[in-house]
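Thanks for coming, everyone. Let me put the structure up, and then we'll walk through it piece by piece.

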Amino acid sequence: MDLALLAQHALNGAMLGVIYALVAVGFTLFFGVLDVIKFSHGDVVMLGAFTGLATSIGLSSAFGSVPPWIAVIVITLTAVAAMALVGALMAKFLVLPLHKAPTLNVLLITLMAGTVIRESVRLFYPQGSNPKPFPRLLPDGAVNLGRLTLRFDSAILLAIGVIAIVGVHLLITRTRLGLAIRAVAQDPETASAMGIPFQATVLATFALGSGLAALAGVVNGLYYSEVNFSMGLLLGAIGFSAAVIGGLGNVYGAILGGFIFAALQTIGAVALPIASAYKDVFAFGAVIALMAWKPAGLLAERSAERV
Amino acid sequence: MRTPSILPALFATVATAAAVVLLLLADQEWEVATMAGVAVAVLLGGMRLGWGETVHRSATAHRRIVTPVTWLAGAVAIFLLREHNFELLMLCTVMIFMIAGLGLTVQFGYAGVVNFAAAAFMGIGAYTTAVLMNSTALPHPVVILLSGLVSAVIGSVLLLPLLRTRGHYAALITIAFGILFRTFLEVNDALGGPQGLKVPGLELFGHAFNDAIEINDDVEWSFYLNYAAGALVVLFLAYELVRRIERSWMGLALDAVRLDETAASAFGLNGAAWKITAFSIGNFLAGVAGSLYATITAFIAPASFTFSDSLILVSIVILGGLGNPLGLLPAALVVVVLPEKLQVIQEYRFLLFAILVIAILLLRPGGLIPRRAREYPE
């Protein structure tokens, strides 16, 4: 295999990695503040993509033709805002009431909430059960660097994703909200005692994570030019895997995990002798093996169980 | 204390069997809706008035009579439906889901081992049955047993990661396995790919289950009667197995491991060993259920064993009351029969079940018939 082809695969892998990392960061944030897994996260990604799609249809029917870059910005902001709201509502009415119940119940209730979202889109979005074309709003061209083709839209999406990840990093490390999130994640009781509002921080975290999910959904839609009501299930499982590989609760672990999963899939598609169709089998098999090797993820916190 | 009367238990058994038959035979949507309403009212009202307690006391005091009567009532219910193909098929499906649900009860309810891949383990059983029946001449009961065993053995691949992880991490492993399994089936040509495999009918001691039973020239009983009877026998065996596990020292050990593994190990219980036992028994039962499913539907495909199906199975267990095998019957009826009978909700069934489970988790975490605290003879 020559270098140009390798670079091409690395580029595609990086694109996938950014999407997965955006989803995984949400999982890890929720786990950080509440020690829960919100498994409807993948479906929030999907709902975000559909919100973007609906917004773009609404835009073009209301204003005729809109400059594509304005459309992209409006679509992204609407989707992110709407999902942030959805995330906060789910935290308030589904997750927080079960906060003291067995963790399994939270997992279940969010799995079911995901099913509600998925089925609602399938049933109530016009022809929701068919794959929908997502508008191509980004410039079409590409530059050829030797034999490596760099599509403009991929480059822009990659940049958006990287900016979002860096933004989250800055938000968590440099702002008061980030400080509150880290404090609640470390010790909710002490954080409350120090005057950090517990519920507001939790809701803000869920809004943040779900907003990122919406961004991932829109990026996904723009990249593949297609969205589908069932895409959330696989994306959710992948994002969860990525967060777990990295070590739940660790934002950098989630980002690392996202890229590792994308790498596994790309390796599975490129290098496996049998067939590239087995790439997901290979990737999930590798996740199970990784879990057996490092049960608490690669960047796990050292912890002793309190009895 | 005075011995409670046997009548409440007998009445409850017979009424339940009659309700199941009536529900299956109802062909008007308003009938079904009314019956569902009455059932909910009886269940909720009965709880308030303490009927559940009365029935429970009476059943416990007369276990030796009530247990056979219950299974007899099941057999009579099947016999009453002898000429109705579709109703018998639905009843078979209910029983298969109950068998798989019994497996999940052991895993989730007793040992606290999560399994979000129950449909995948059913799938392993179903595919094993298809392969063994198509390519070997093994007696069919042996095939069913082997399907369960293969399911348990393949499940043991997950044991190492499952035992090393806990909570959410363990959940992820089974979810990943479920998705992996389905993808594997779809891309694997040897097992029929997305088109699936055909499965021949069951045969037992020279009696082909796919032949209708002809009594005389006028009367012909549905061939599903064979399968329903077979499923009832398997359900009986599975139920007795699970009940006996629960009531024995094994159940006590499993409960202890679930409730507090550290404390259990301080009392000398080997948590890992108990989790392995429970996980394997559960997967065995799921595999057997899948095997029956394959022979009854005569055709299997990857689309029948998806992650959503695993979630449906989990919903049945939660809906019925986690850890209580009795709750599986109403829960499986709700999940299997209601959507078939109420065409209005057919299209919306996944949505409705999801909302139902959310409501149960928020309002009545114990399920329809919550598990009782263990009772010790004085």
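One definition before we start. A residue is buried if 20 or more other C-beta atoms lie within 10 Å of its own, exposed if 12 or fewer, and partly exposed in between. Keep that in mind, and keep in mind that this is a predicted model.

Take Ala298(B). It has 13 other C-beta atoms within 10 Å, so Ala298(B) is partly exposed. Where does Ala298(B) lie? Look at the loop between helix H13 (271–297) and strand S6 (299–300) of chain B. Now check the backbone. Ala298(B) is not a glycine, yet its phi is positive, about 65°.

Chain A has a case of its own. Ser225(A) is not a glycine either, and its phi is positive at about 55°. Ser225(A) sits in the loop between H8 and strand S4 (226–227) of chain A. Buried or exposed, or something in between? With 14 C-beta neighbours inside 10 Å, Ser225(A) is partly exposed.

H8(A) runs over residues 198–224, which is 27 residues. How many of its 27 residues are buried? The count is 23, so to speak a mostly covered helix.Stay in chain A for a helix pair. Helix H2 (residues 41–63) and helix H4 (residues 103–124) of chain A pack at an angle of about 30°, with their axes 8 Å apart. H2(A) and H4(A) are therefore roughly parallel to each other. Their crossing is left-handed. Who meets whom? From H2(A) come Gly42(A), Asp43(A), Val44(A), Met46(A), Leu47(A) and Phe50(A). From H4(A) come Gly114(A), Ile117(A), Arg118(A) and Val121(A). By class, this contact has six nonpolar, two polar and two charged residues.

Ala142(A) is 95 residues from Leu47(A) in sequence, and their C-alpha atoms are 30 Å apart in space. Ala142(A) belongs to strand S2 (residues 142–145) of chain A. It has 14 other C-beta atoms within 10 Å, so Ala142(A) is partly exposed. What does Ala142(A) touch, leaving out residues up to four places away in sequence? Thr149(A), Leu150(A), Arg151(A) and Phe152(A).

Helix H4 (residues 63–80) and helix H10 (residues 224–247) of chain B pack at an angle of about 165°, with axes 10 Å apart. That makes H4(B) roughly antiparallel to H10(B). The crossing of these two helices is right-handed. On the H4(B) side, find Trp71(B), Gly74(B), Ala75(B) and Ile78(B). On the H10(B) side, find Leu225(B), Ala228(B), Ala229(B), Leu232(B) and Phe236(B). The classes here are eight nonpolar, one polar and no charged residues.

H10(B) also holds Arg243(B). With 15 other C-beta atoms within 10 Å, Arg243(B) is partly exposed. Now compare sequence with space. Arg243(B) and Val106(B) are 137 residues apart along the chain, but their C-alpha atoms are separated by 9.8 Å.

Last topic: where the two chains meet. The contact takes 35 residues from chain B and 38 residues from chain A. Which elements of chain B give two or more residues to the side that touches chain A? They are helix H8 (159–164), helix H9 (167–187), helix H14 (307–320) and helix H17 (349–363) of chain B. H9(B) gives the most, with 14 residues. By class, the chain B side has 28 nonpolar, five polar and two charged residues.

Finish inside H9(B), which contains Leu185(B). Buried or exposed? Leu185(B) has 25 C-beta neighbours inside 10 Å, so it counts as buried. Setting aside neighbours within four places in sequence, Leu185(B) is in contact with Leu191(B) and Pro302(B). One more distance. Leu185(B) and Thr165(B) are 20 residues apart along the chain, and 27 Å separates their C-alpha atoms.

That's the tour. I'm happy to go back to any of these spots.

Conventions:
Residues numbered from 1 in each chain as written. Chains lettered and ligands numbered in written order. Predicted model: local features only at pLDDT ≥ 70, side-chain atom pairs only at ≥ 80, totals over all residues. Axes fitted to C-alpha atoms, helices over the stretch in contact; angles between N-to-C directions. Helix = DSSP H or I, 4+ residues; strand = E, 2+ residues; numbered from the N terminus. Parallel < 35°, antiparallel > 145°, perpendicular 65-115°, else oblique. Left-handed = near helix turned anticlockwise from the far one by under 90°. Contact = placed C-beta atoms within 7 Å. Nonpolar A, V, L, I, M, F, W, Y, C, P; charged D, E, K, R; others polar. Expected span 1.5 Å × (residues − 1).
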